[in-house]
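Here's a quick tour of one protein model, written for someone new to reading structures. Have a look at it first, then follow along below.

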Amino acid sequence: MAYSVLPQKSMIEVLNLHRTNSVSNQSDLSYCTTHYSRTCSRAPISCSRVGYCKTQSNPWRTEINGTGARLSLFRCKVHQAAVCIDRTTEDSQQQEQKSDGKTTSSEKKFNTQIHSNKKSSYPSTFSHRGPYAENDEKTNNEILQSLCCRGKLLDAVKMVDVMTRNSQIPDFPSCIKLIRGLTNVDRTDKAAKILQLMVMTGGVPDVITYNMFIGGLCRKRHLSAAVDVLEGMSLSGCPPDIITFNTIIRAMFDHGKFDEAVDFWKDQLRKGCPPYVITYTILIELVCQHIGVARALEIMDDLAVEGCYPDLVTYNSMVNLTCKKGDYEDTSLIVCNLLSRGMEPNAVTYNTLLHSLCTYGCWEEVDEILVFMNETSNPPTVITYNILINGLCKHGLLDRAIDFLVEMISHDYCPDIITYNTLLRALCKEEMIDEAVEILRWLGDRGFSPTLITYNIVIDGLAKLGFMEKTMEVYACMVERGPRPDDVTYRCLIWGFCRADLVGEAIELLHAIGSNSRRRIRENCYRFLIHRLCQMKEVDSAVRVVEMLTSSRSKYKPASCSNIVQGIYSSGMKDEATELQQKLIEKKLFK
């Protein structure tokens, strides 16, 4: 079905959908004339005979996949409020009913459904022609609002069609809801019809509705239709915004229309569109991804002629893209182009480069950039040092990471919690436990409160190495000073006890934290402990843990006990699984 979005004007072009046979055409045309003369008394039509009305083409007409019915446009001199859209052919209605998943019986019950959901009665008859002839505009709008509120989108579309046949103006907020709802369910053809009707009757959809509709068209690959809707937005009183342009440009690149996307943006700039830096940056970044940096730099020169220039955000986006790929030749081209435009790299540019170089272990280049940063107006920051320390720790260069920490402090930069967390994780990984505990204590004494993540890093590192005595000391300090332990803390402690074959201490801890903690311990902690107890043939203790598990849950499914037994049986402990099952049955925990 073809739709057009028209600006508000007194000369309204009315869509008339003809039937495929001549007899039906005559009946439809006569009905349109009779209906118009009957319902539009306040807006007289200047057409003497419908058969002699001249068909005109619509300059804003946009083809969208539809029913394939033949369309003709009739120009009638009517008031802005008087709009007549003739009914579709029976074949088109049958196709729409099939696509909507509706039958004619649901259409017959339409009036009954409205009456059953509305306490007030609406005196009307739903004839084969469709309109509620005896309903006024206010009553039909109340019905339309009810349908939209209840999510009856297709029925609401029919209601709008009924109102247009009666020359009634649908409620604009309901039309907006209808357009958005139809777009969300991929019925852009019907959404286009409502959008067209709303604009023709003087309504102005908001930019969010337009953007949703254009996004729906782009998802269905109707890119030319999306561009046509964008062109008509300003005429309807709602100019496009950044999101509108970004949506179409991204869709064009998604569908491989690279050159069309560039030409589209150039055309918009020539038509007076503001040179949005965000849209410009997105376009250049997409060109870098799909075509290459060299082509992106050429397009930047072309867009400069149109009055659209890059900024540091654009260049930093390009640098980030090339650094992630490790393509430093393209990165150097971008930086040279940046310098040629009289700009200077900022801290974000340098930090992006350093993060990539540290990831790939290019330490000589890192030193060169640091020397260059110290000579410019953008010296290293706390973020810069955190990037360096993190990269060195990941490569096992802990000594050099500590050197950067010392350098950081000597330059009057205060390390933040991210700095210490990075070092603590590396110290625990290198089994430098004493140093990790000492740093943790030093933070507490200096009033630099360790966070939950800080404590969990140290507790996890100590527990994995089996130093449970020191682990419990750190845990006690955490409970005393805060913050409150979470499920990650408990899991690290329980698993550490189990690995050290200290299951008794694990059960005691589980009992203590299960009754006092506000946080619920995850079930996998219980399962791990039960499995470990069965390995040690302590089935009675395993039953006790199962009881603790069931009591800690307000609604615990008995099938979970069956899964626990099945997991133990599958791991090869058949005797222990059978014994555990029997004891759980005795305690009525197994079904």
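By class, the second largest pocket is lined by ten nonpolar, two polar and two charged residues. (Ala, Val, Leu, Ile, Met, Phe, Trp, Tyr, Cys and Pro count as nonpolar, Asp, Glu, Lys and Arg as charged, and the others, Gly among them, as polar.) The lining has 14 residues, and Thr331, Ser332, Val335, Leu353 and Ile369 lie nearest the pocket's centre. α16 gives the largest share, six residues. The elements that give two or more residues are α16 (328-340), α17 (347-359) and α18 (363-374). The pocket's volume is about 340 Å³. A pocket here is an open set of points on a 1 Å grid over the protein atoms alone, where a 1.4 Å probe fits, with protein on both sides within 12 Å along at least five of seven lines; lining residues have an atom within 4 Å of a point. The volume is the space filled by probe spheres set on the points.

A word on the ground rules: this is a predicted model, where local features need pLDDT of at least 70 and side-chain atom pairs count only at pLDDT 80 or more, while totals for chains, interfaces and linings use all residues. Residues are numbered from 1 along each chain as its sequence is written, and side-chain values use heavy atoms, with hydrogens and water left out.

Now for two helix pairs. Helices are DSSP runs (H or I, at least four residues), numbered from the N terminus. Axes are lines fitted to C-alpha atoms over the stretch in contact, with angles from 0 to 180 degrees between N-to-C directions.

| Helix pair | Axes come within | Crossing angle |
|---|---|---|
| α25 (487-499) and α27 (523-535) | 10 Å | roughly 5° |
| α7 (172-184) and α9 (207-219) | 9 Å | roughly 25° |

The angle makes α25 roughly parallel to α27, a label for angles under 35 degrees. Their contact (heavy atoms within 4.5 Å) involves residues including Trp495 of α25 and Phe528 of α27. It has six nonpolar, one polar and two charged residues.

α7 is likewise roughly parallel to α9. Among the residues making their contact are Ile176 of α7 and Met212 of α9. That contact divides into five nonpolar, four polar and two charged residues.

Most residues other than glycine have a negative phi, and most peptide bonds are trans. Yet arginine 221 has a positive phi of about 70°, and sits in the loop between α9 and α10 (223-233). The peptide bond from glycine 482 to proline 483 is cis, with omega near 5°. Proline 483 is in the loop between α24 (468-481) and α25.

Definitions and conventions: Angles under 35 degrees count as roughly parallel, over 145 as roughly antiparallel, 65 to 115 as roughly perpendicular and the rest as oblique.
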